[in-house]
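Here are my notes on this one, for you to read with the viewer open.

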Amino acid sequence: MITNGSYELETFSTSMKSEIKRLDAQIDLFWSEEISVYKNAGIKDNSHIIDLGCGTGYLIEKLSREFPNAKFTGVEQDQKLFDISCQRLQNVPSVLEINHASIEQFSQTDHDYDIAIMRLVLEHIPNPLNTLNQIRSILKPGGRIIIIDNDFDYHLKTYPPIPELDQLYAAYKRSRIADGGDPCIGIRLPSLLSQAGFDR
């Protein structure tokens with residue numbers, strides 16, 4: 001997905017097959033809520049949408065069913081995920097291309113896209129502000145970015161507290177931060193988006 005970040009397919013799970021299943025299952029699990037987010041954020045049936053860190057291509061596949069006249073572009077750095085995405089989407093007519101590149105390396109000379117989607121990606125990127133500035137440069141005037149991401153400080157809490165789980169979560173967060181990510185990026189998103197020139 002990104003260069004030198006906290007996600008690598010080979011090390012994030014015990015097997016590539018189980019990680020691919022996990023990535024697809026994440027989308028299915030939240031789909032009824034997410035599709036409302038996408039529609040409310042302005043995706044229309046004639047939009048040109050770019051999925052940055054498109055993984056297995058499953059999000060594009062599902063969105064192409066909801067918006068059959070939209071156009072889709074994907075960007076994926078990981079070679080195996082890129083291959084899976086290309087294979088999955090090869091017969092989807094609304095997919096223009098899947099690019100094998102990191103988000104930071106992807107460049108477009110024109111402001112081509114109505115919507116940029118980053119789903120559980122920004123938290124893995126070492127310099128999210130630079131990445132958001134890059135994304136703003138490929139959006140059409142008035143284009144929108146949709147970010148769905150985590151904040152482990154908020155969603156990994158239990159009541160009553162379980163000290164062993166708290167220790168596990170703390171160790172996980174330290175590991176992700178050491179790898180260049182920020183598993184608690186959610187609270188920073190409004191500030192980062194403002195600094196990158198996005199407004200509401």
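Before the points, one term: a contact here means heavy atoms within 4.5 Å. Please also keep in mind that this is a predicted model.

1. **Overall make-up.** The chain has eight helices and five strands. If you look at contacts with a separation of 6 or more, 75% come from residues 24 or more positions apart. The chain exposes about 10,500 Å², with carbon and sulfur atoms supplying 51% of that.

2. **The sheet.** The five strands make an open sheet, ordered S3-S2-S1-S4-S5, with parallel pairing. S3 and S5 (139–148) are the edge strands, each with a pairing on one side only. From one strand to the next, the twist averages 15 degrees. As background, strands of a sheet pair through backbone hydrogen bonds, in a parallel or an antiparallel way.

3. **Two pairings to click through.** S1 and S2 pair in the parallel sense over five bridges, and isoleucine 49 has phenylalanine 72 in S2 as its bridge partner. S4 and S5 also pair in the parallel sense, over six bridges. Here isoleucine 117 has isoleucine 146 in S5 as its bridge partner. To get from S4 to S5 the chain goes through H5, and this β-α-β crossover is right-handed.

4. **Helix H3.** How many of the nine residues of H3 are buried? Seven are, so this helix (residues 58–66) is mostly covered. The buried ones are Tyr58, Leu59, Ile60, Glu61, Lys62, Leu63 and Ser64. Note that Glu61 and Lys62 are on that list. These buried residues pack against helices H2 (16–40) and H4 (79–89), and against strands S1 (48–52), S2 (71–76), S3 (95–100) and S4.

5. **How H3 and H4 sit on the sheet.** H3 lies across S1, S2, S3 and S4, and runs at about 175 degrees to S2. H4 packs on the sheet too, where it touches S2 and S3, and its direction makes about 165 degrees with that of S3.

6. **The aromatic pair.** The count of aromatic pairs comes to one. It is formed by tryptophan 31 and tyrosine 38, 6.2 Å centre to centre. The planes are 45 degrees apart, and the pair is tilted. Are the two partners buried or exposed? Tryptophan 31 has a relative accessible area of 13%, so it counts as buried. Tyrosine 38 is buried as well, at 0%.

7. **Leucine 120.** This residue has a phi near 55 degrees, a positive value in a residue other than glycine. For context, most residues other than glycine have a negative phi. Where does leucine 120 lie? Its place is the loop between S4 (113–119) and H5 (128–138). Leucine 120 has a relative accessible area of 16% and is therefore buried, as the cut-off is under 20%.

8. **Leucine 132.** This one is found in H5. Its relative accessibility is 0%, so leucine 132 counts as buried. Leaving out residues up to four places away in sequence, leucine 132 touches Leu122, Ile145, Ile147, Leu192, Leu193, Ala196 and Phe198. Leucine 132 and serine 194 are 62 residues apart in sequence, with 9.9 Å from C-alpha to C-alpha.

9. **Asparagine 69.** Look for this residue in the loop between H3 and S2. Its relative accessible area is 57%, so asparagine 69 is exposed. With residues up to four places away in sequence not counted, asparagine 69 touches Asp45 and Asn46. The C-alpha atoms of asparagine 69 and lysine 44 are separated by 8.7 Å, and the two residues are 25 apart along the chain.

Methods
Residues numbered from 1 in each chain as written. Predicted model: local features only at pLDDT ≥ 70, side-chain atom pairs only at ≥ 80, totals over all residues. Heavy atoms only, no water. Helix = DSSP H or I, 4+ residues; strand = E, 2+ residues; numbered from the N terminus. Buried < 20%, exposed > 50% of the residue type's maximum accessible area, 1.4 Å probe, protein only. Pairing = 2+ DSSP bridges. Axes fitted to C-alpha atoms, helices over the stretch in contact; angles between N-to-C directions. Areas by Shrake-Rupley, 256 points an atom, 1.4 Å probe, with all protein chains shown as cover. Right-handed = clockwise from strand over helix to strand, strands pointing away. Phe/Tyr/Trp six-rings, centres within 6.5 Å; stacked < 30°, edge-to-face > 60°.
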